[in-house]
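Here is a short briefing to keep beside you while you look through the model. Take a moment with the picture, then follow the points below.

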Amino acid sequence: MAQYAIIGLGSFGITLALQLAKMGNEVIGIDNDRKVVESVASSLSHAVIADATDEVALEELSLAYYDAVVVAIGEDMKASLICVVHLKNLGLQNIWVKATTDEHHLILKSLGVSRIIHPEEEMGVRTARTLYYPMIREYMSLGDRQYVVEIPAIEKLSGTVLSDLLSEVTGHVFCLLIKRREKLYPSPHEQFVIEQGDMLVLAGDRLSLTKLVPRLV
Ligand code: ADP
């Protein structure tokens with residue numbers, strides 16, 4: 001169990017706080033809007049009404065004991081930045097901040113913020129990719145145009161030998177795992193025969209993965 005502080009309980013902050021709490025962590029939610037704080041009080045370990053631009057108020061919350069502090073104040077850039085400066089002055093290391101504009105991002109970067117997040121943009125890119133490649137259930141970007149993708153095997157793949165499926169992209173796309181119902185088959189053998197409903201977890205560069213698409217739909 002870890003401890004997290006979420007400052008700013010707008011739609012992103014609340015979702016984040018509730019999810020971390022659901023995962024069994026200790027979460028403190030902080031907002032200057034009483035109504036917002038009251039609405040989450042019963043779902044979080046602590047919910048506090050405080051102004052995040054007030055250094056004394058932040059100090060009293062002993063945030064140094066938390067594993068990470070997330071500043072999720074989006075719209076009010078000034079409040080977000082002042083809060084970050086105070087958190088830095090309090091000696092906090094692991095600060096994650098939601099940025100809403102390029103300027104916001106730039107200033108956060110120059111303040112030395114370790115993680116700057118753009119939830120709307122990231123979700124937009126993710127949604128666009130899943131709309132474009134609907135056969136991909138989940139994906140993870142590894143950087144350098146390399147991805148891990150999760151693809152359910154449709155009926156037409158049933159009976160296909162894994163090496164046949166990947167023959168065109170040998171050496172570029174690798175099958176890391178096949179999940180069949182509750183069972184996992186890590187690093188499946190080349191001769192593994194795919195069944196409808198198997199979940200294939202493949203890794204490879206985007207171009208090679210795209211070449212496979214016609215065989216997967
Ligand atoms: P989202 O886009 O995720 O909904 P918002 O920027 O709209 O994010 O919401 C941010 C939250 O931060 C709001 O609930 C607001 O009350 C809170 N907030 C704004 N300024 C401060 C501040 N100075 N101190 C504490 N909370 C603040």
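This is a predicted model: local features need pLDDT of at least 70, side-chain atom pairs count only at pLDDT 80 or more; totals for chains, interfaces and linings use all residues.

**Helix 1 and its two faces**
- The buried residues of helix 1 are Gly13, Ile14, Leu16, Ala17 and Leu20. Because they cover an arc of only 165° around the axis, they lie on the same side of helix 1.
- Packing against these buried residues are strand 1 (3-7), strand 2 (26-31), helix 2 (34-40) and strand 4 (68-71).

**Length and end of helix 1**
- Helix 1 has twelve residues (residues 11-22), so at 1.5 Å a residue it should span 16 Å; the C-alpha atoms at its ends are 16 Å apart, which agrees.
- After helix 1 comes Gly24, with a positive phi near 95°.

**Around the ligand**
- There are 19 residues around the ligand, and those that come nearest are Gly8, Gly10, Phe12, Ala52 and Gly74.
- Helix 1 gives three residues to this shell, the largest share.

**Domains**
- Two domains divide the protein: domain 1 covers 3-119 and domain 2 covers 126-216.
- Taken over C-alpha atoms, the centres of domain 1 and domain 2 are separated by 38 Å.

Terms used: Residues are numbered from 1 along each chain as its sequence is written. Helices (H or I, at least four residues) and strands (E, at least two) are DSSP runs, numbered from the N terminus. The expected span of a helix is 1.5 Å times one less than its number of residues. A residue is buried if 20 or more other C-beta atoms lie within 10 Å of its own, exposed if 12 or fewer, and partly exposed in between; C-beta atoms are placed from the backbone. The arc is that of the directions from the helix axis to the C-beta atoms. Two residues are in contact if their C-beta atoms, placed from the backbone, lie within 7 Å. Domain bounds come from an automatic or database domain assignment. A residue is near a molecule or strand if its C-beta atom, placed from the backbone, lies within 6 Å of it.
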